[in-house]
Amino acid sequence: MTDSMYDGRPIRWGVIGAGGIATSFCTDLALLPDAEVVAVGARSSGTSDEFADRFGIDVSHRHSSYADLAADPDVDVVYVATPHPMHHDAAMLAIEAGKAVLVEKPFTMDQAEARSLVEAARARGTFLMEAMWTRFLPHMAAIREVIASGRLGDLVLVTAEHGQWFDKDPEFRLFAPGLGGGALPDLGIYPVSFASMVLGTPTRITAVSDPAFTGVDAQTSMILRDDAGRHAVLTTTLSAATTNGAAIIGTEARIEIDPTFYRPTGWSILDRDGTRERFENTVEGGGLRFQAAEVGRCLRAGLTESPLLPLDETLAILGTMDEIRRQIGLTNPPTP
Ligand SMILES: NC(=O)c1ccc[n+]([C@@H]2O[C@H](COP(=O)([O-])OP(=O)(O)OC[C@H]3O[C@@H](n4cnc5c(N)ncnc54)[C@H](OP(=O)(O)O)[C@@H]3O)[C@@H](O)[C@H]2O)c1
């Protein structure tokens with residue numbers, strides 16, 4: 001089924017939360033021919049105007065509340081780009097207004113919040129997707145094809161890491177308990193989601209962690225295992241810039257994804273005998289638009305979720321995150 005309401009015109013985006021990633025997303029959206037940012041909702045008119053000026057948003061679509069943005073009749077899709085603890089309520093406003101919604105990663109703080117959004121979107125019949133942008137990058141699409149072709153043989157192991165060094169500022173979102181801080185929710189979600197893409201949902205999870213000075217997790221390492229005995233060995237840290245590569249290892253060959261694995265990048269297939277086939281990165285821009293292209297494709301096809309990142313998988317990923325958080329004692333806000 002196709003939905004003719006989008007025929008012959010761009011998909012119109014409205015942004016909730018005019019911060020860092022919203023700026024990067026809208027900059028990249030400009031490279032997508034059939035999408036445009038038409039509206040912004042911020043907590044204050046000053047921020048809203050500043051953002052709107054940057055992206056040429058009309059005065060009539062500059063909102064100083066998230067509810068007004070959600071109610072804007074000229075918006076097709078709402079992009080939720082607030083800190084994670086505010087994702088749920090902002091996304092719910094948009095779902096209740098009947099909008100399609102793309103919610104930044106991590107989708108929500110826990111699986112219960114995610115379930116509440118998924119149930120609301122399904123009841124309302126609106127499109128909903130987690131903005132795990134890595135899933136939609138061209139190198140990930142090509143890698144999924146290689147895995148499906150069987151060239152790697154039986155999969156044995158996935159490795160992935162995401163570590164960055166940050167100045168120890170207690171106000172900074174990644175260290176602030178009230179803003180959903182911690183390596184795991186912000187950076188660790190990338191390796192966890194990558195492992196889910198390749199191996200599916202784990203049945204056994206082991207995690208160890210050490211806290212930052214604010215009580216959120218500074219460094220967390222995880223081993224996920226499925227019933228076939230396949231492992232994912234994942235790590236995340238706020239304390240150091242790690243390699244940030246990833247690998248998918250099978251009995252016949254392995255894929256090595258260059259650092260930084262979760263951004264547009266090159267990659268290789270190495271057969272067991274050491275023969276290397278190389279694929280270079282050809283993506284122009286930051287790569288955030290590929291998730292927007294998938295939203296547009298789904299809307300034009302009349303879909304309410306993406307087959308590349310279905311809502312049941314998002315729920316399962318949040319379930320994995322819940323279990324890791326339980327094991328490492330990361331609560332929100334963390335217990336002092
Ligand atoms: N995909 C990626 O590569 C990527 C990269 C970075 C971040 N992210 C995700 O995007 C989300 C936002 O991260 P960010 O780095 O853009 O954060 P940020 O620069 O701090 O911006 C967040 C925005 O959310 C709004 N907000 C609402 N309640 C807030 C509160 N209590 N405190 C601070 N801001 C509040 C603010 O906008 P208004 O004043 O306009 O309301 C603020 O500008 C996070 O969930 C993060 O995980 C994704």
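User: How many Å separate an oxygen atom of the ligand from an N or O atom in the side chain of histidine 84?
Analyst: The model is a predicted one, and the distances are computed from its atoms. Among the 23 residues around the ligand, His84 belongs to those that come nearest, together with Gly20, Ile21, Tyr66 and Lys105. Between an N or O atom in the side chain of histidine 84 and an oxygen atom of the ligand, the distance is 2.8 Å.

User: Which residue has a polar backbone atom 2.7 Å from an oxygen atom of the ligand, and how much of the ligand's accessible area does the protein cover?
Analyst: The backbone of threonine 82 has an N or O atom that lies 3.2 Å from an oxygen atom of the ligand, whereas the distance of 2.7 Å belongs to a polar backbone atom of lysine 105. On its own the ligand has 890 Å² of accessible area, and the part of this that the protein covers is 79%.

User: Which residues lie nearest the centre of the largest pocket?
Analyst: The largest pocket holds about 820 Å³ of space, and its lining divides into 15 nonpolar, eleven polar and six charged residues. Helix 1 (20-29) and helix 7 are the elements that give two or more residues to this lining. Of the 32 residues that line the largest pocket, those nearest its centre are Gly19, Gly20, Ile21, Ala81 and Arg173.

User: Which element gives the most to the lining of the largest cavity?
Analyst: There are four cavities of 30 Å³ or more, and the largest cavity has a volume of about 100 Å³. Its lining has 15 residues, with Ser196, Gly200, Thr201, Pro202 and Leu224 nearest its centre, and by class these lining residues are eight nonpolar, four polar and three charged. At least two residues each come from helix 7 (183-199), strand 9 (217-225) and helix 9 (311-328). With four residues, the element that gives the most is helix 7.

User: Why is one side of strand 3 and of strand 6 left without a neighbour in the sheet?
Analyst: Six strands with parallel pairing form an open sheet, in the order 3-2-1-4-5-6. Strand 3 (62-63) and strand 6 (128-131) stand at the edges of this sheet, so one side of each is left without a neighbour, each having a single partner strand.

User: Which residue of strand 5 is the bridge partner of valine 77?
Analyst: Strand 4 (residues 77-80) pairs with strand 5 (residues 100-104) in the parallel sense, and the pairing extends over four bridges. Within strand 5, the bridge partner of valine 77 is alanine 100.

User: Which residue of strand 11 stands opposite leucine 157, and which residue of strand 10 is the bridge partner of valine 158?
Analyst: Strand 7 (residues 155-163) pairs with strand 11 (residues 246-250) in the antiparallel sense over five bridges, while seven bridges join strand 7 to strand 10 (residues 231-237) in a parallel run. Opposite leucine 157 stands isoleucine 249, and the bridge partner of valine 158 is alanine 232.

User: What is the phi of asparagine 244?
Analyst: Asparagine 244 has its place in the loop between strand 10 and strand 11. Its phi is positive although the residue is other than glycine, with a value near 65°.

User: Which residue in the turn between strand 13 and strand 14 has a positive phi?
Analyst: Strand 13 (residues 267-271) and strand 14 (residues 276-279) run antiparallel and are joined by four bridges, with leucine 270 opposite arginine 276. The two strands form a hairpin with four residues between them, and the residue in the turn that has a positive phi, of about 95°, is glycine 274.

Technical notes:
Residues are numbered from 1 along each chain as its sequence is written. This is a predicted model: local features need pLDDT of at least 70, side-chain atom pairs count only at pLDDT 80 or more; totals for chains, interfaces and linings use all residues. Side-chain values use heavy atoms; hydrogens and water are left out. On a 1 Å grid over the protein atoms alone, a cavity is a set of points where a 1.4 Å probe fits but cannot get out, and a pocket is an open set with protein on both sides within 12 Å along at least five of seven lines; lining residues have an atom within 4 Å of a point. Grid points are joined across faces, edges and corners, and a volume is the space filled by probe spheres set on the points. Ala, Val, Leu, Ile, Met, Phe, Trp, Tyr, Cys and Pro count as nonpolar, Asp, Glu, Lys and Arg as charged, and the others, Gly among them, as polar. Two strands pair if DSSP finds at least two bridges between them. A residue is near a molecule or strand if one of its heavy atoms lies within 4 Å of it. A polar contact is a pair of N or O atoms within 3.5 Å; within protein, one must be able to donate a hydrogen and the other to accept it, and residues adjacent in sequence count only if both atoms are side-chain atoms. Accessible areas come from the Shrake-Rupley method with a 1.4 Å probe; for residues, only the protein chains shown count as cover.
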